[in-house]
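Colleague: Could you take a close look at one part of this model for me? I'd like to go through its salt bridges.

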Amino acid sequence: MKMPVALLVLLALCNAIKVNGEGNYLQCDHNPTSQPRPHSVSILEFGAVGDGKTLNTMAFQNAIFYLKSFADKGGAQLYVPPGRWLTGSFNLTSHLTLFLEKGAVILGSQDPSHWDIVEPLPSYGRGIELPGRRYRSLVNGYMLRDVVITGDNGTIDGQGSVWWEWFTSHSLNYTRPHLVEFVSSKDVHISNITFLNAPAYNIHPVYCSNVHIHNVSVYAPPGSPYTVGIVPDSSDNVCIEDCNISTGHDAIALKSGWDEYGIAYGRPTTNVHIRSVHLQSSTGSSLAFGSEMSGGISNVQVEHVHLYNSFTGIQFRTTKGRGGYLREIIISDANMLNINTAFSAIGDYGSHPDDKFNPDAFPSLEKITLHDIIGKNIIMAGNFSGIQQAPFTSMCLFNISLSMSSAFSSCWSCSNVSGYSELVFPQPCADLKNSNASSCFSILMRPNGRGGTGAIL
């Protein structure tokens, strides 16, 4: 009787198309086409000097202020030619394309006085790293519509080494800045750009809708503390595809607010599609969910991904007092290479912003599906440590084969978790065999017959 259940489950997976069945396409299938802007100016026209030494913050601010007048005329483009354009933080405007030519490098100033100080995000209540305010990101957008950052593989370099030193030595008064941050914005497109050496995050859309991130490269060296690639945060309708990311901490991390502040703000991260990405994380996870997830994270599909040379491959993080939920997440067609721990779900991960959190705000983690995954040189297959008062449920694993690095490698560690597994090697914990398979897939039946390609029938 066991094999028919497995067959039905795998057929359900092969008929999957969108996590919650809303609509008939995945987010990355809706690829926005950027129309040429009818107006274009060069940063040179505003006195910028690309020698890597002259500060160009005023030139960027003046150029964007000028281009704002074209918002109702089809928008405009700011062209950045080859050169090294040193600047402090500056704001974009709606209906704008920031275009970086090949050989163009926007350099973040290493003088903290060139980075504005701003209020913390309301869903966090304070800076992530320090109480109080935070440094504004290098390139910013607030309540914007129709904004594009693209180019012919130009570069945005945060020159983050000084920030990493200040962070490590506890010399900062405010939380570190990011490279690019959009807040409460819609229709954001980032493509064909290289991001280097961010002080902290590289790309941070927060409270945003319709975000498409395509063909970007992100790099920060292994020793860079808590540098993160792309962080969709309390945002919806997000596509991340064809990206190469290698960072000091997480490569891609989904978030939605911190404890009581995230619960009160109440904006989830939902309808996220990630595909065809190469992810590497030195000390964190190639693909992370949380730990700040108090607004909830759901309806996420990840497919055709390569995770390599990372401490953890896929990790779900939360803790008591966090509230919120992680649910309806499908990860498929993944290849892992040289990973310490392939899969992890942790119920005591992360700190609290202050002592005002509700210790009885237990998070929910359920309906997580991992299928069609191959791993080589894995040290530990999985570590699932749930919360006693709120166990993790419906953790579903199918068609997974992990080649362990040695005979002494540990396989699985499980507590306060339940789920279902089939065609998984090495054999998972008994806790992942004790629930009905149908509980995993009530959300998976979809109309158009797309889904995992590796099911063995």
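Is Arg 275 buried or exposed?

Modeller: Arg 275 is buried, at a relative accessible area of 17% (buried is under 20%, exposed over 50%, partly exposed in between, with a 1.4 Å probe and protein chains only). Keep in mind that this is a predicted model, where local features need pLDDT of at least 70 and side-chain atom pairs count only at pLDDT 80 or more, while totals for chains, interfaces and linings use all residues. Residues are numbered from 1 along each chain as its sequence is written, and side-chain values use heavy atoms, with hydrogens and water left out.

Now the partner: Arg 275 forms a salt bridge with Asp 29, 3.0 Å from N to O (the rule is a side-chain nitrogen of Lys or Arg within 4 Å of a carboxyl oxygen of Asp or Glu). Arg 275 sits in strand 23 (residues 269-281) and Asp 29 in the loop between helix 1 (2-14) and strand 1 (39-42), so the contact ties together parts 246 residues apart in sequence. Helices (H or I, at least four residues) and strands (E, at least two) are DSSP runs, numbered from the N terminus. Asp 29 itself is partly exposed, at 32% relative accessibility.

Elsewhere, Arg 317 and Asp 250 pair up at 2.8 Å, N to O. Back at your residue, salt bridges with shared partners join Arg 275, Asp 29 and Glu 241 into one network.
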